[in-house]
Amino acid sequence: MVDLRYESPETIEVAVALLAAEGQMARVFAGGTDLLVQMKEELVEPALLVDIKKISETRLIAIDPDQVRIGAAVTGAELGENEQLKAMWPGVVEAVELIGSAQVQGRATIGGNLCNASPAADSVPALIAAEARAVIAGPDGIREVPVGEFLTGPGQTSLGLGEFVTSITLPKPPEHGGDAYLRFIPRTEMDIAVVGAGLSVVLNPDGTCAAARLALGAVAPTARLVEAASEIMVGNKLDDTVLEALSAAASETCSPIDDKRGTIEFRTKVAGVLACRVAKIAWRRAENN
Amino acid sequence: MARNLVTATINGDEVEFTCSTEQTLLDVLREDLHMMGTKNGCGSGDCGACTVILNGRPVNACLVLGVELDGANIETIEGMAKGNELHPLQQKFLDHAALQCGICTPGILLMAKALLEKNPDPTESEVRFGLAGNLCRCTGYDKIVRAVLDAAVEMRASKS
């Protein structure tokens, strides 16, 4: 058995050095709600845990003039208590708040939900819709990657040796913008998404759509942007024709698996239904902004 | 095996312990500190039996490592009653018979305490959602929810 070590560096540089030196045997540790379960099930057997919670950059929510920075180790409960952020990106916050119970919310982090790279991760479709970027520190310095490109497969990310996510950035929400996230689960709480849908929309002064992004989770190996959604919505109001086309485009984007939570057919249909519902919520929020 | 020296505050008392990196807060409480009130249910954050309050927030003790607790403030079920005086939630659980086997009870009491501190006047639905991370397999949830709502009434009255 490997003798598991623990380090809790206070700077990004030290964390990167520790991760780079240990290589594949190191794991970044933040909330632990995924990692400790995986260790218990012996899915991963690290030799070193690098706790990033003492690095101040990973723990802050900063509302800058041109963007919002959310530290990778900010918990769901902390996001939910930040009224300013909730007003700016309600869809992102409501997505993170859906992860697990109140007890899990007190520990689970936004960066962890991203890096765990589950195809059904609730935060991810909302982050892709919001054009979020992952800020990554590594031996060569800092780089930024759009969240949609960061995830490369189930449980897989584009993180290289010695790299870790320090924060997630969101653009400052545009005027008349709104976002929302919905998921379908067979019960009312505490489950994994069968389908998740995040949508952000910006409206023109005349009430037509200026820009829109729809992303779906749990219907493909990674969350997917519905490329056609923007073309369907831009220039239009949210009438029945647009909703019908949006629903069809969402369903066409799916390539899901059959599992105990839902069949391929069911997931494909529900993706279309959720796309329409989430569009209506985001649209209403945009009208009020 | 590497041992880590940790100093934390548990139920108001400063406690020093050593732990290996693998040991969870739940392991430390039960195996090393012999505080058996915190129950071991699923070990994966699904059942809430091991709920404790860490730095003011309810968490599953099975998903917290002992080694990260240096300087932390932890509240367990052993600290809930003040001497022989039960916390209002504990008294209401007795009054409403909101427990049978009792394994889930410590976790539910602490989760309910955290819930009422954040929201002193919850609706029934808010209590049910708030306790969604605590599984009970014998009492059924109705008595538990009624006990929490009744305790909330009493706690509000005693504050005003």
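Me: How is chain B divided into domains, and is Q90(B) buried or exposed?

Reply: First, the ground rules. This is a predicted model, in which local features need pLDDT of at least 70, side-chain atom pairs count only at pLDDT 80 or more, and totals for chains, interfaces and linings use all residues. Residues are numbered from 1 along each chain as its sequence is written, while chains are lettered from A and ligands numbered from 1 in the order in which they are written.

Start with the overall build. Chain B has five helices and five strands. Helices (H or I, at least four residues) and strands (E, at least two) are DSSP runs, numbered from the N terminus. Read from that end, the order is β-β-α-β-β-β-α-α-α-α.

Now the dimensions. Along the principal axes, the C-alpha atoms of chain B fill a box of roughly 50 × 35 × 25 Å.

Next, packing. Of the 160 residues in chain B, 45% are buried. A residue is buried if 20 or more other C-beta atoms lie within 10 Å of its own, exposed if 12 or fewer, and partly exposed in between, with C-beta atoms placed from the backbone. Among contacts in chain B with a separation of 6 or more, 58% join residues 24 or more positions apart. Two residues are in contact if their C-beta atoms, placed from the backbone, lie within 7 Å.

Domain 1 of chain B covers 4–79 and domain 2 covers 88–159. These bounds come from an automatic or database domain assignment. The C-alpha centres of the two domains of chain B are 22 Å apart. Across the boundary, 15 residues of domain 1 of chain B are in contact with 11 residues of domain 2 of chain B. On the domain 1 side, strand 3 (51–54) and strand 4 (57–60) of chain B are the elements that give two or more residues. Strand 3 of chain B gives the most, with three residues. By type, that side of domain 1 of chain B has seven nonpolar, five polar and three charged residues. Here Ala, Val, Leu, Ile, Met, Phe, Trp, Tyr, Cys and Pro count as nonpolar, Asp, Glu, Lys and Arg as charged, and the others, Gly among them, as polar.

Then the residue. Q90(B) lies in helix 2 (residues 88–95) of chain B. Q90(B) counts as buried because it has 21 C-beta neighbours inside 10 Å. Setting aside neighbours within four places in sequence, Q90(B) is in contact with M80(B), A81(B) and L109(B). Take M80(B): it is 10 residues from Q90(B) in sequence and 8.4 Å away in space, C-alpha to C-alpha.

Finally, the partner. Chain B contributes 24 residues to its contact with chain A, and chain A contributes 22. On the chain A side, strand 1, helix 2 (35–40), strand 3 and helix 6 (102–105) of chain A each supply at least two residues. That side of chain A divides into nine nonpolar, seven polar and six charged residues.
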